[in-house]
Number of protein chains: 2
Amino acid sequence: MNNEIENKCKKAHDAAGHLAVLGTKQKNEALKGIAAALDKARTHILSENKKDIEAGIKKGLSKALIERLTLNDKRIDSMIEGIEQVVSLPDPVGEVIENFKRPNGLKIKKVRVPIGTIAIIYESRPNVTVDAAVLCIKAGNCVVLKGGSDAINSNIAIAGIIAEAAYSKGIPDGAISLIGTTDREDVKELLSKKQYIDCVIPRGSAGLINMVIENSRIPVIETGVGNCHAYVERTADLKMAEEIVFNAKVQRPSVCNAIETLLVDEEIAGAFLPKIAERLKNAGVEIRGCERTRAILPGIRSAAEDDWYAEYLDLIIAVKIVRNTDEAIEHISRYGSHHSETMITKNKKEAEKFTSRLDSAAVYVNASTRFTDGFEFGLGAEIGISTQKLHARGPMGLKELTSYKYVVQGNGQVRK
Amino acid sequence: MNNEIENKCKKAHDAAGHLAVLGTKQKNEALKGIAAALDKARTHILSENKKDIEAGIKKGLSKALIERLTLNDKRIDSMIEGIEQVVSLPDPVGEVIENFKRPNGLKIKKVRVPIGTIAIIYESRPNVTVDAAVLCIKAGNCVVLKGGSDAINSNIAIAGIIAEAAYSKGIPDGAISLIGTTDREDVKELLSKKQYIDCVIPRGSAGLINMVIENSRIPVIETGVGNCHAYVERTADLKMAEEIVFNAKVQRPSVCNAIETLLVDEEIAGAFLPKIAERLKNAGVEIRGCERTRAILPGIRSAAEDDWYAEYLDLIIAVKIVRNTDEAIEHISRYGSHHSETMITKNKKEAEKFTSRLDSAAVYVNASTRFTDGFEFGLGAEIGISTQKLHARGPMGLKELTSYKYVVQGNGQVRK
């Protein structure tokens, strides 16, 4: 047993009751204090981050991973801006969600309350340390952070600064902590602390998320695996379709709301595919197609069964020609990850079929899937995108970090 | 691997997309068909139930368990009435929960949808087979039932009648099934079917619920462990306090929303305890007290540490004298199960402290905890009472058996 984990979880749990009843003003003051402290500690943060970068280079991490790991003044600026944004958001805690009176006179209020203590398990992006802590605190939750081992020095520095600043502004001691070890077994230990932790949110690769699901005794909110689709139906404005497909694939291919498969109605495949293919190729996208696609786009690689399941997160796209909307829905239902799908069409009836029958967190008509995002949906912030159906689905903001309780006022009612 | 489980889960999952889009009228017709079929099959149900009762008596099941297992015409009547009630409830599916437009013109609707496929794992009450199936279907969900082995013949008969009647009225084949084996390993197998099942709801003892949490890879909604409290504060109307405490303990001691511990403010302990003690004793309740309680009620048994944690579900009550509301809150926070608590008081400020600081699904002022119930809260039906904080808390009705998705209408928007 790792005593650090036991102690930090217990302390967070003990602090949760006190944090839950703090007022909005006090929580906001603490957030402002955190922003100021990060601003003041830039030199320290950057020097600790440098240790991680040097260790990463020695270890042979890919350029992309080093780039994700790297902090600089601009990135610290955007952490601070992020905090200021969260300060400006309404506090979800205390909202009366429902308010009703029963025939026996009982007055029942359903009131929004914090979840309690949340564990966030993530990979090597040190900015998540700030985002996660700040969102949890604003929603009245204690947080136990477990970041990736490659960012350990950066994370320890950042979490230390955050906690110290928060506690000096009245956030209860123990409310924010980081498990400062790099042993993967420690994640399993953390996932067994059901008596202290109310919810676990993993953020990162499918491998990390599956490991958390396999090992957790605590309720998990799954986030982010996205095998998203665009379907170009026969009545589509083909120029619009081209813009949407290109945007959804190319604008930021490494994120979960980018598309991985393009489905094209057979009626317009001959007209649409050569145009979009040229544009995608010019942007460096590799196309893998079904046999009918390859008849129109000779020279592209053949798509295998695995391609339909793939979340490439890269400049690769799988393309399939389908007979109609029904076949598009069938394909997405079978191979998709229920994240985000879009249909480009002018046919309202077909669009209605697509949006009602597809079981995905976000279903679009005539827009890019890249909008599945807390900021784009107007939630003001985002702790992740849920791909499960319990508790929260799609982008999760402050409200999704809360629960509720019933407060019942009587005048002596007993049950008959 | 048990092929029956794999096949039934897969069939339910395949049916879920079709059931999700059925209209309210069609679902209600199916529910009425189920009620009629149960009515018609009374003889068959009762003769299958007799097999279970005889096996149970042979096995030496307690009188209480045999009584829970036993069906008769009156109990079948109330199953049928329960179905009629669910028919009359509004269909939660399709409700537009939120509807907003973003500055870029995207129109976003948050629409209520079924969860998908739900597994219900329960002990030996055959009426749960009907309740669970009917509530799941009304909310558009497929259901895989796994009842207790002692009721296996009754459950197979009932589930068979329900499924046949539902399918003949257009519910997709495979939407309702019961795992007809009695091997406990089969529960573990069911809990591994994450690819088919969206949610597991265990109903029954703490042992069953813990087993499900330990073994499930599927999100679980915990239900029902209730170590509930009543706190009689110094300003309480003592007659009202007596009525509430008596009702919460005695009216139905075997259920989760009955109280297990009574906390009494030291200021009124001398006046209150002898009266309530006499009334409880006359109703056959055993009292176990702290030392100060025993000074007022000589002859009662001493409460041990374990008593404060106990969910007796029986005519036993633990009694503790506390200095004030703070100590009552501390005690409940430490030993309680976060289900339901009540405070009897005339002091609004103290009541506000109690309701805001206690982290329980339902917190009452001047009413019995026995009201924590889907029917009493006006939900119209109840699949269980959640004691966790994700997804649903407290009584769960039809709405709590749903999720949501985002349907986004654009006119060519792409992300910058």
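Ten strands, contributed by two chains, form an open sheet with mixed pairing, in the order S1(A)-S2(A)-S16(A)-S13(B)-S12(B)-S7(B)-S8(B)-S11(B)-S9(B)-S10(B). Strands and helices here are DSSP runs numbered from the N terminus, with at least two residues (E) for a strand and at least four (H or I) for a helix, and two strands count as paired if DSSP finds at least two bridges between them. Strand S1 (96–101) of chain A and strand S10 (301–302) of chain B stand at the edges, each with a single partner strand, so one side of each is left without a neighbour in the sheet.

This is a predicted model, in which local features need pLDDT of at least 70 and side-chain atom pairs count only at pLDDT 80 or more, while totals for chains, interfaces and linings use all residues. Residues are numbered from 1 along each chain as its sequence is written, and chains are lettered from A and ligands numbered from 1 in the order in which they are written.

The two chains are joined within the sheet where S16(A) and strand S13 (residues 362–367) of chain B run parallel, with 5 bridges between them. In this pairing Tyr406(A) has Ala362(B) as its bridge partner, and Val407(A) stands opposite Val363(B). Helix H15 (residues 348–357) of chain B packs on the sheet, where it touches S16 of chain A together with strand S12 (340–344) and S13 of chain B, and its direction makes about 155 degrees with that of S13(B); such angles run from 0 to 180 degrees between N-to-C directions, the axes being lines fitted to C-alpha atoms, for helices over the stretch in contact.

| Strands | Direction | Bridges | One bridge pair |
|---|---|---|---|
| S7(B) and S8(B) | parallel | 5 bridges | Cys228(B) and Ile259(B) |
| S1(B) and S2(B) | antiparallel | 5 bridges | Val96(B) and Val111(B) |
| S2(B) and S16(B) | antiparallel | 8 bridges | Val113(B) and Ser403(B) |

Strand S8 (residues 259–265) of chain B is mostly covered, as 7 of its 7 residues are buried; a residue is called buried if 20 or more other C-beta atoms, placed from the backbone, lie within 10 Å of its own, exposed if 12 or fewer do, and partly exposed in between. The hairpin of S1(B) and S2(B) has 5 residues between the strands, and in it Gly105(B) takes a positive phi near 95 degrees.

Across the whole interface, 57 residues of chain A are in contact with 57 residues of chain B, two residues being in contact if their C-beta atoms, placed from the backbone, lie within 7 Å. On the side of chain A that touches chain B, at least two residues each come from helix H1 (3–20), helix H9 (206–215), helix H10 (238–250), helix H15 (348–357), strand S13 (362–367) and strand S16 (402–413) of chain A. The largest share, 11 residues, is that of S16(A). A rotation of 180 degrees with 0.0 Å of shift along its axis superposes chain A on chain B (RMSD 0.0 Å), which is the relation of a two-fold axis; the superposition is by least squares on the C-alpha atoms of residues with pLDDT of at least 70 in both copies. Of the residues of chain A, His391(A) comes closest to the rotation axis, at 1.7 Å (C-alpha). The copies meet through the same surface, because 100% of the interface residues of chain A are also interface residues in chain B.

The largest nonpolar core holds 201 residues, of which Ile162(A) and Ile162(B) touch the most other members; a nonpolar core is a set of buried Ala, Val, Leu, Ile, Met, Phe, Trp, Tyr and Cys residues joined through C-beta atoms within 7 Å. Not counting residues up to four places away in sequence, Ile162(A) touches Ile34(A), Val130(A), Ala133(A) and Ile176(A). Another core, of 50 residues, lies apart from the largest one and has Ala230(A), Ala248(A), Leu273(A) and Ile332(A) among its members.

Most residues other than glycine have a negative phi. His338(B), in the loop between helix H14 (325–335) and S12 of chain B, has a positive phi near 65 degrees, and His338(B) is buried, with 23 other C-beta atoms within 10 Å.
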